[in-house]
Amino acid sequence: MSYLQIFQVFPAIPESLSFLQVLARNLWWCWHLDAIELFRRISPRLWEASGRNPIVFSTLIPQKQLEELSKDESFLAHQRRVKESFVGEVLTPMDRSESSYGKEGTIGYFSMEFGIHESVPLFAGGLGVLAGDHLKAASDLALPIIGVGLLYRQGFFHQFLDQDGWQQEEFPETDLFHLPVKRAKDRSGNEVSISVNGPEGEIRAVVWKIMVGRIPLYLLDANLPENPPEIREITSRLYAGNPKTRLAQEVLLGIGGMRALEAMEIYPTVCHMNEGHCAFVTLERLARTISTYNVNLETAKEIVSQTTVFTTHTPVAAGHDEFPVDLVKPYLSSLSKQLGVGVDEIVSWGQPMESGSDAPLSMFILGLRMSQYCNGVSELHGKVARRMWSHVWPGRPEDEVPITHITNGIHIPSWISIENTLLFERYLGPDWHLDLGNPEIAKRIDDIYDEELWRAREMSRSRLIRNCRALMIKQYRRRNAPKATMKDAESVLDQDILTIAFARRFATYKRANLLLKDPERFEAIITSKTNPVQFIFAGKAHPKDNEGKELIKRLVRFAGNSNVRHRIAFLEDYDINIARHLIQGADVWLNTPRRPFEACGTSGIKAAANGVLNVSILDGWWCEGYAKERGWRIGDGEEYADTAYQDTVESQALYNVLENNVIPCFYEKKNGGAPDRWLKMMKESMKMVMQDFCARIMVKKYENKFYLPAAKRFTHLTADNAKEAVILSAQYKRLSALWGNIRIEHPVRKVEGPFQVGESFEVTAVVNLGELRPDEVKMELYYGSLKTVDSIVDSHSQEMTVKENRGDGEYLYECTITCSNSGRYGFTVRVIPRGDDRIRFAPGLITWA
């Protein structure tokens with residue numbers, strides 16, 4: 001049946017409880033324990049049955065109970081307390097008269113997924129959860145951010161295992177009436193809808209709005225009766241496997257997302273693209289800039305690129321989207337007219353330099369070329385990204401590739417356990433979550449009594465075990481397991497022994513099978529009579545990743561061994577709720593990626609915030625977070641060409657760390673009390689996250705390094721009819737046209753050496769700049785320690801000055817090098833453009849001797 005008229009009936013909420021409806025429709029509640037407890041106290045059983053979804057929960061509460069609550073002074077007092085916090089943190093207007101973003105200035109944050117809470121299934125994994133934490137921290141900081149994404153009717157798949165342990169997938173439909181969404185409206189009060197031209201006709205979409213504290217999140221939805229089935233499918237499943245549908249999703253997110261904001265008269269000052277999926281944002285933004293400021297394409301590029309932030313999360317080249325040119329071109333024909341260039345020219349912005357016209361369009365390269373501010377999500381990942389994408393800037397040394405890093409942080413209030421929250425409120429102060437990053441606040445963790453902290457740990461572990469048993473029973477029931485097996489599941493795991501968790505996506509490079517390299521040794525660790533250990537695994541393999549599914553199957557089969565089945569559990573359908581229990585209740589968080597393929601690994605940060613100790617390969621964030629006082633490392637950060645050899649070496653290192661360090665430390669208890677050294681490490685882990693890895697600090701870094709500079713550039717570039725942008729675009733055009741004529745002779749030093757520390761020598765070089773002037777370029781001496789005969793590490797550059805103008809564009813440059821340290825060095829000279837970062841780092845504008 002089509003065109004069904006749908007309606008939903010909700011309970012009649014008494015007037016004195018009306019705030020509950022307001023609270024349920026703003027996701028602010030999900031990171032405030034007092035608000036969660038306000039719902040939960042009504043009926044803990046129904047709260048769990050609703051999936052911790054306050055809208056579903058409200059439909060389960062008997063009308064009589066609501067009437068009783070409306071007269072319950074204790075409940076009403078609790079509600080008033082939560083409402084006071086909500087009004088202060090969400091509804092109180094911010095004075096933006098002196099904001100650096102301007103009165104109407106906003107930051108558009110685009111992401112393919114948002115993981116805010118398990119009751120809003122718009123996420124697949126770490127990328128989405130990071131996006132959710134970004135919005136929550138932005139709300140806490142009252143930043144003018146606006147989220148933009150897609151509303152998936154089926155979201156990411158739900159996982160279940162068959163009798164053999166092989167992963168199966170199902171895609172249940174999400175009920176819109178169970179989400180805190182409402183139709184977005186323009187300033188005239190009209191519901192917003194947009195359209196994008198596609199190869200099979202118009203893609204029409206409506207726009208929904210979810211409030212995340214102060215932050216609006218707009219979601220585009222193409223599942224409309226007037227759209228044909230293939231177009232309705234675009235917003236059906238997150239990360240559609242079909243390239244055609246995947247491309248349509250990214251077009252709708254980027255081009256459609258910008259059009260949705262324009263329809264609401266929201267014009268972002270800065271745009272932040274969370275991964276390359278969003279790169280089409282820049283094309284629509286170019287068209288908008290051309291029409292708004294009446295400028296040409298090259299001038300619009302100056303404005304757009306200098307006000308765009310691009311964050312990459314993927315250190316694996318295969319993980320970046322590429323699309324065949326023939327698939328992409330039909331989407332660009334209408335934009336081609338607006339931009340005033342051919343479709344082939346637009347496509348070339350996303351193709352590697354000197355590639356053929358039929359090379360696929362890389363969303364990553366398109367994002368890089370259109371963004372002045374590019375970053376990875378950990379220090380190591382920034383380095384890996386510079387190496388991976390150095391070919392986009394030919395001739396540029398790897399360490400100068402303009403991709404920096406901001407290490408991910410986690411939104412601590414969203415992930416901290418109830419027990420730890422109560423301890424923090426008592427010892428750090430009731431507003432501890434509003435002062436994260438303050439070393440004085442973090443230091444107060446040392447004041448927590450060891451006995452209290454250990455009791456909190458035991459309570460969190462006990463809750464995890466209860467949850468695991470309930471989930472295991474549910475899993476076995478779904479498989480129609482025998483009654484004996486069901487009974488067995490009731491006693492799986494032990495709440496008093498060392499509990500190690502491994503939970504993440506089951507991709508092969510994550511190496512969930514590292515513990516299985518030596519099954520006998522692994523079994524001996526688990527079944528020790530004196531120091532027993534138990535392991536909990538969770539995670540999904542991509543539906544098309546049979547190797548990942550095989551890893552799950554092997555683990556499940558091993559866990560079925562009669563000697564270990566009470567000490568190993570695999571939890572199906574890993575989601576935010578399961579993650580929350582694991583990162584709060586485990587004692588150890590295990591991470592075994594093949595370095596350097598872990599971009600960050602924020603689950604380990606969430607665990608550390610709860611005093612869970614990390615045992616990890618030195619990859620992602622752990623390269624920065626590791627210290628022997630707060631966890632353990634597997635290996636010393638080596639990288640191997642032979643992966644089989646690497647797995648053998650690092651599996652042995654893992655067993656050694658567990659047997660010789662981790663397990664003895666946990667069971668180092670005097671007179672049956674708490675393990676002193678373990679507790680000290682717990683406190684160090686908690687302090688580390690508060691000081692260095694919280695989302696509040698992360699978002700402040702984005703603001704100071706990217707958002708504020710970009711907002712200032714926007715103001716300058718668009719002032720006076722975009723005068724500065726016009727000048728810059730003309731300069732870039734001139735440099736690009738004349739750069740190929742530059743010729744540099746080999747540099748000459750006056751003294752051959754060798755030299756002693758403190759001595760100096762003069763270097764000269766002759767360069768022909770053609771029609772360019774010395775004030776338009778920068779001649780630099782480039783030097784550093786020799787790595788090989790033709791490469792330099794720890795490089796430095798020093799500007800050279802014109803010593804002589806020899807006419808016809810030829811100049812003699814000179815400078816002096818002072819020898820500050822002993823060693824073997826090399827030097828050469830180069831010419832780069834003068835100007836802002838967009839011009840200085842423009843691909844192709846660098847010439848070496």
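T788 is partly exposed, with a relative accessible area of 37%; on this scale, buried means under 20%, exposed over 50%, and partly exposed in between, using a 1.4 Å probe and protein chains only. You will find T788 in strand β24, residues 777-788. Between the C-alpha atoms of T788 and G826 there are 9.7 Å in space, while in sequence they are 38 residues apart.

A word on the source: this is a predicted model, where local features need pLDDT of at least 70, side-chain atom pairs count only at pLDDT 80 or more, and totals for chains, interfaces and linings use all residues. Residues are numbered from 1 along each chain as its sequence is written, and side-chain values use heavy atoms, leaving out hydrogens and water.

Now turn to strand β16, residues 533-538. Six of its six residues are buried, so β16 is largely enclosed by the rest of the structure. V533, F535 and F537 are buried on one side, and Q534, I536 and A538 are buried on the other. Helices (H or I, at least four residues) and strands (E, at least two) are DSSP runs, numbered from the N terminus.

Next, meet the neighbours of β16. Strand β15 (residues 498-503) runs parallel to β16, joined by six bridges; two strands pair if DSSP finds at least two bridges between them. Strand β17 (residues 568-571) also pairs with β16 in the parallel sense, over four bridges.
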